[in-house]
Structures are given as structure tokens and as C-alpha cells.
Amino acid sequence: MPISPPSPTTTAYLSQQKLLVLRILVHSSSPQKRPDTEFCGEAKVPPLASRRAGPFFVWPKRVLYLPQRSTICSVSVAQPIMLSVPGRRAARLPVHRTSLSSTSSISLLRSTSSCLRGDSSRQQRRSIHSSERRTSTVADLPGSMPPLPPQNMDANRAPLSVLPLSMILRSLATTVVSSSPILLPPSLRIMVALAHAKNPILNPDKNPLLRFFLKKSFYAQFCAGENAAEVRHTIGRLKNIGFTGVILGYAKEVVLEGSDAKDMAAAKLGEETARDIEKEINPWRDGTLETVRLAEPGDFVALKFTGAGALALHQLKNRLPPSQHLGASIDAICELARDRGVRLLFDAEQDMLQEGIDDWTMRFARKYNDSPDTATIYGTYQAYKKNCPAVVSRHLADAQRDGFTLGIKLVRGAYLGSDPRQCFHDTKEDTDACYNGIAASVLTRQWSVTVQGEGEFPNAHIVLATHNVESVRRARAICDAGGAKSDIAFAQLQGMADEVSCELVEASQSAQKENANARPLPVYKYLVWGTTGECMKYLLRRAQENKDAVQRTRNGRDAMWAELVRRCKNVVGMA
């Protein structure tokens with residue numbers, strides 16, 4: 001039977017000139033098909049005489065046929081797919097989904113179709129790009145609801161329109177290099193040489209020409225500045241764009257190689273010396289304290305323990321408590337952050353150090369996370385690790401037992417190149433399921449198969465640090481449905497996934513225009529500060545991360561190119 005198109009709050013926007021691919025769960029009594037299987041079809045424009053029997057949907061000038069003797073169980077819009085229409089250019093369809101029951105969908109779908117006659121191309125620019133096609137829905141998450149399409153926004157605006165032209169051009173150049181199989185390998189080799197350079201010619205802090213080139217290109221793309229004035233200018237510019245705030249980090253760090261670990265074990269380090277204090281701990285402490293002072297109330301500061309030097313590396317690797325002066329330095333940082341209303345994110349690092357980092361995180365969380373309304377200390381949890389759900393569950397149980405608030409920064413992970421392969425999930429799908437399951441459980445404060453526990457869920461707050469569009473949409477859906485019980489912040493790296501960040505910003509701004517009492521979506525950008533030389537290891541990790549996510553990088557490149565074309569058309573009056 002024909003069914004009217006759904007309303008704008010239940011499915012993707014489309015126009016009469018575009019094809020729509022639907023993923024439909026059907027129960028079929030046909031012997032050729034298994035019961036409760038998925039059927040994927042296209043909305044087409046066949047001649048009336050060619051219509052076949054069987055359930056079908058009628059969209060404006062579009063008819064979708066299902067197999068005969070089939071009962072519709074659910075309907076969802078598939079992930080974006082490039083479809084060509086005769087006589088028209090190929091178009092990327094939005095990614096929004098809906099999941100409808102076989103009984104309630106009939107009445108739910110009987111709503112106005114006026115939304116389907118809007119300008120599809122503008123809505124497509126507002127959709128978030130996805131790195132791959134997925135078939136899962138948000139229905140499996142506790143307390144979740146299907147993701148909603150973007151709010152109605154100014155027809156002349158696109159999410160990336162909030163960015164200045166210089167950022168668009170720089171992002172386009174960066175993503176072109178990162179997504180090119182020809183340009184990326186030599187670029188990575190150059191970055192490795194610069195990050196580990198001992199020759200002054202290859203040290204940006206000692207070579208002014210090299211420093212000038214890097215600071216105007218890659219450094220400007222990902223970093224905040226070399227001094228307080230530059231950092232404050234960058235933070236102010238991001239907040240003027242519409243971001244809630246920043247996650248600011250001090251770039252100095254130490255990367256532990258396998259040979260370093262052996263040398264440390266042979267030396268039997270552990271005694272805190274005057275040299276450790278003067279040359280390593282104090283400079284790291286002072287730099288981190290300055291970072292807290294540069295951040296504004298409500299911002300985050302990312303803290304890397306490895307920046308404190310060889311003694312900290314030794315203590316973390318052997319799961320020892322911080323030495324006296326190092327512990328006092330961390331206390332000073334935590335106290336200043338709490339006094340200023342700044343939150344601290346203790347970064348995850350290489351696997352050989354992570355258990356020690358977790359020990360230190362919980363030590364200081366017990367001490368400073370004494371308010372149920374906020375958390376000063378956030379630990380970082382890497383969802384690509386098989387043990388991540390168990391670690392989160394254990395820390396939640398500790399928070400429940402000891403009566404403190406747990407701060408969770410959830411990431412997928414950034415040490416694929418250095419950590420043992422057996423630590424990771426077998427497939428990306430397993431990592432995605434782990435990430436989304438943890439996020440949903442903490443956000444809704446419900447125990448689940450992923451995050452297991454007993455009794456009342458403890459106070460917890462979460463930072464979703466992800467460039468994955470589906471994870472962002474799942475979390476947004478929970479928030480939009482009123483299911484979020486924990487405070488949430490969305491975070492992306494500065495210079496990456498701007499199409500994700502800017503859509504969150506515009507969705508928040510649009511919601512507040514429609515309802516002055518609407519709660520804004522907290523969106524943060526992560527960036528580091530320090531000299532160009534100090535930031536090279538951080539920039540190398542960003543380049544390696546782009547290598548490991550080529551499809552996502554291409555999506556970012558395409559988004560930047562589309563935005564540049566849109567602006568050019570506006571200039572010549574063709575938009």
C-alpha cells in the first residue's frame with residue numbers, strides 16, 4: 001500500500017530530482033527469502049505499467065517496491081551513496097536515518113511532505129560526511145533514539161561557512177596531501193626526520209627558514225601558538241567562530257622507544273635527583289601551570305605525564321606512585337585548575353605506560369573530583385583496546401564505592417603504530433561498537449553489556465573526543481531525546497574533522513535561535529601550544545592519524561572543496 005512521506009523529524013531530506021536508497025527490514029513468507037532479512041532498494045520513476053505487486057512506498061514521483069508477501073518491520077535511510085540521475089550530476093545523499101516499527105510506522109509516516117520539496121543541495125552540504133557505509137542503528141544503545149536531521153538553518157549558510165577563508169584553504173591543502181597516495185609517504189618521512197632531528201638544520205627552533213614554513217602551514221593548522229599572546233588570539237578566534245571553548249595542551253613530551261625501556265630498567269631508575277627536578281619536572285610543571293593560566297574557565301587542559309621526563313616514565317612503566325616532588329607538582333596543577341574552573345584531561349599514552357597512568361588518574365580523581373556537578377580530573381579511555389570496557393567498569397565501580405565523580409574522555413586511540421597489535425580489537429566494527437556502547441552507558445547512566453556494574457550508576461561526566469560521525473550522531477540523538485544524565489562535551493582536533501565540528505556548532509546555534517532556553521551543544525577544539533620544534537612530535541602523530549583514516553581524510557577534503565566552490569559561486573552570484 002502507498003505510504004505518505006515521513007516528516008522532517010523522522011527521515012532524511014530529499015528532492016524530487018534525487019534517488020533515495022532505503023534499507024528496509026522485512027518479514028517475508030517467501031521461501032526464497034529468510035524471515036526478517038534486510039532488503040535494499042531504490043526509489044525510482046518507472047512507467048506506471050511496470051508496477052509490480054507487493055508493498056511499496058510512494059514518495060513524490062518515486063516508487064519503492066519490496067518483495068511480495070513481505071511485512072515491513074523497519075525503514076532506515078542508508079549511509080551516503082553516490083547516485084547518478086540521467087541528465088543530472090551525481091549527488092551525495094544525507095546520512096540521517098529513521099527506524100520505524102511495522103505497526104506505528106503507518107500512522108507516523110502520514111505527515112506533511114512539504115519538507116521534501118526543499119533545496120536538497122543545501123541540506124546535503126549540512127550533512128556530516130561518513131568514512132564508510134554502516135548498517136547499524138542507534139536502537140541498540142541504552143536510552144538512545146534515532147539520530148535527527150539537522151535543524152532548519154539559514155538557506156544561504158552551510159556549516160563550514162563559519163570558518164575564515166584562510167582556514168578553508170589551509171585545511172584543503174593539508175587534506176589534499178594527507179589523502180594522496182603519492183604525496184603522503186614522502187611527507188611522513190620528512191615529518192619523522194623533523195620530529196626526531198638532532199641536526200640543527202632540521203630543527204625548526206634553530207632553523208628560521210624551516211620554522212617560518214612550518215609555522216605558516218602545518219603548525220598554523222593544528223597548533224595554538226608559541227607564546228601567551230598567540231595562544232590567546234587563537235582561543236579568541238575559535239570562540240568567535242562559535243566553539244564553546246578549547247582543550248589546550250602543552251606540546252613538550254617524550255616518546256618511549258623499546259630501547260629506552262630497556263635502558264631504564266638496566267639503570268634501575270627511581271630515585272628523584274636534583275637533576276630530575278631542575279631539568280625535567282620543573283620545566284614540565286611550569287609549562288603546564290602556564291597552560292592552565294592561558295585556559296579560560298570552562299575550558300580543558302590536556303596533561304601528558306611523559307613530559308615530566310625519564311623519572312616519570314620509569315614510575316609509570318613500573319606502576320609506581322609519583323615521587324615526592326613530582327606528586328607535589330601534579331597537586332599544584334590540579335589545585336590551580338580547580339580554583340580557575342578549568343578541567344584537566346590526563347592523556348592516554350603508549351600501552352606500556354597506560355596502567356601506571358590509570359593508577360595516577362584515579363589517585364588524583366579521588367582527591368579532586370569531590371563534587372557531583374563537575375569533575376576536575378578526566379581520565380582518557382581508548383576504545384580500540386580490548387580491555388577498555390573492563391577498565392571503564394572498574395573505574396566506575398571505584399567511583400561508586402569511594403563516592404567521587406568519574407571524568408571520562410573517550411577516544412578510539414592514537415598509538416596504532418607503536419602499541420602491540422594484540423591489544424586492539426580485531427576489527428574496526430568492534431572498536432566502533434565498544435566506543436558507542438561506552439558512550440551511551442555513561443551518557444544515560446545505565447549499566448549495559450559493554451559497561452557492567454551493579455547498583456546505582458555513579459556520578460560521571462564525559463568528553464566524546466571523536467571524528468566519527470556516527471558516534472557523534474548517536475550521542476546527539478540521546479541528548480535530543482532527553483536521555484542524557486551526564487554532562488557531555490564534543491571534541492575534535494583543531495585542523496581536522498571541521499565538517500563535524502562546524503555542523504555541531506550550527507546545530508546548536510540554530511536550536512538556540514528557535515528556542516532561547518535550548519541547551520547549547522558544548523563543542524571544543526583540541527590544540528597544543530609550544531615552540532615549533534616542541535610541537536613536531538604532535539604534528540607527526542596527526543600526520544600518521546590521517547594515514548590511518550584515509551577515507552575520512554578524503555571526506556574532509558571533499559567537504560573543504562565543496563565549501564570553497566560554494567563561496568566562489570556566491571561571489572559570482574551563481575549560488
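Ground rules, before I forget. This is a predicted model, where local features need pLDDT of at least 70 and side-chain atom pairs count only at pLDDT 80 or more, while totals for chains, interfaces and linings use all residues. Residues are numbered from 1 along each chain as its sequence is written, and side-chain values use heavy atoms, with hydrogens and water left out.

**Ring pairs.** I paired rings of Phe, Tyr and Trp (its six-membered ring) if their centres lie within 6.5 Å; planes under 30 degrees apart are stacked, over 60 edge-to-face, and the rest tilted. That rule gives nine aromatic pairs. F300 and Y524 have ring centres 5.1 Å apart and planes at 80°, so I logged them as edge-to-face. This pair links distant parts of the chain, with F300 in strand β10 (residues 300–303) and Y524 in strand β16 (residues 523–529), 224 residues apart. Helices (H or I, at least four residues) and strands (E, at least two) are DSSP runs, numbered from the N terminus.

Next I looked up W447 and F457: centres are 4.6 Å apart and planes at 40°, so this pair is tilted. Both sit in the loop between α14 (428–444) and β14 (460–465), 10 residues apart. W447 is partly exposed at 23% relative accessibility, whereas F457 is buried at 9%. I also found F305, F346, W360 and F364 linked into a cluster by ring pairs.

**Charges over rings.** My test was NZ of Lys or CZ of Arg within 6 Å of the ring centre and within 35 degrees of the ring normal. R363 lies over the face of F364, 5.8 Å from the ring centre. R412 has its charged end over the ring of Y435, 4.3 Å from the centre.

**Core.** Which residues have the most contacts inside the largest nonpolar core? They are L163, L248, F305, L344 and L464, in a core of 86 residues. A core here is a set of buried Ala, Val, Leu, Ile, Met, Phe, Trp, Tyr and Cys residues joined through side-chain atoms within 4.5 Å. Apart from that one lies another core of 30 residues, including L210 and Y526.

**Positive phi.** Most residues other than glycine have a negative phi. R319 has phi near 55° and sits in the loop between α10 (310–317) and α11 (324–340); at 45% relative accessibility, R319 is partly exposed. A497 also has phi near 55°, in the loop between β15 (488–493) and α16 (498–514), but A497 is buried at 13%.

Note on methods. Buried < 20%, exposed > 50% of the residue type's maximum accessible area, 1.4 Å probe, protein only.
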